[in-house]
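Take a look at the model, then read on.

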Amino acid sequence: MIRALSKSSTLCKAIRLGPLMLVALVLSIALPQVAATADAPAAQAAAAAANAPSPEQLRNASWIADGRLRFVQTCAYCHGTRGEGGKNKPFEERTGWDPHEIFNVISNGRIRGANAMPSWKESFSEREIWQLVAYVKSLSADFAGPIDDKSPK
Ligand code: HEC
């Protein structure tokens, strides 16, 4: 009788330890990946800069149209269809807006006080993000102006 009890309490322990072991296992798999991705934003920014489209490409009408479609579907409920929503300056009032900065905000998201913009780099390809950049840039006040040195090289 006593034996049976002690056996079952060992079993109990094993069952209680089960979830802990699982957590340890998951952590041991996940942690190296977290460490590996710590450098990812810098690496990603460098890669994105290398792949940045030309100023002409960013003004490509079909890129802007594709970007607009995606913006209306995924971004407009926070920003409004033309970036007029939110607490920051409306997109239409922006000038000299660095496309790399726009690319980085869309890729990595941003936290401003209680407001958070999610990161989109897992949802969209680099090309799709650049198309969003093309649309955002097309809204800005100096869009129709000449290509200046703030445009990507
Ligand atoms: C859940 C709400 C939300 C969604 C969805 C969202 N954003 Fe944002 N976005 C924010 C917030 C909050 C900020 C930070 C505001 C600030 O810069 O003060 C921001 C900032 C930005 C900025 C920088 C604005 C500036 O003035 O510097 C850009 C560009 C931008 N978002 C584009 C996008 C695009 C493109 C999408 C869709 C792929 C998107 N956002 C989806 C909430 C959102």
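**Around the iron**

Start with H79, which is buried at a relative accessible area of 17% (buried means under 20% relative accessible area, exposed over 50%, partly exposed in between, with a 1.4 Å probe and protein chains only). A quick word on what you're looking at: this is a predicted model, where local features need pLDDT of at least 70 and side-chain atom pairs count only at pLDDT 80 or more, while totals for chains, interfaces and linings use all residues. Residues are numbered from 1 along each chain as its sequence is written, and side-chain values use heavy atoms, leaving out hydrogens and water.

Now for the iron atom of the ligand: H79 (NE2) and M117 (SD) coordinate it at 1.9 to 2.0 Å. Donors here are N, O and S atoms within 2.8 Å of the metal (3.2 Å for Na, K and Ca), and water is not among the atoms, so sites may look incomplete. The iron has six donor atoms with angles of 86 to 179° among them, making the site octahedral (six donors with opposite ones over 155 degrees apart and all others between 65 and 115). H79 sits in helix α5 (residues 76-79) and M117 in strand β2 (residues 115-117), so the pair ties together parts that are 38 residues apart in sequence. M117 is partly exposed, at 22% relative accessible area.

Zoom out, and the protein chain has seven helices and two strands, where helices (H or I, at least four residues) and strands (E, at least two) are DSSP runs numbered from the N terminus. Of its 153 residues, 27% are buried.

Conventions. Tetrahedral: all angles 85-135°; square planar, octahedral: opposite > 155°, others 65-115°.
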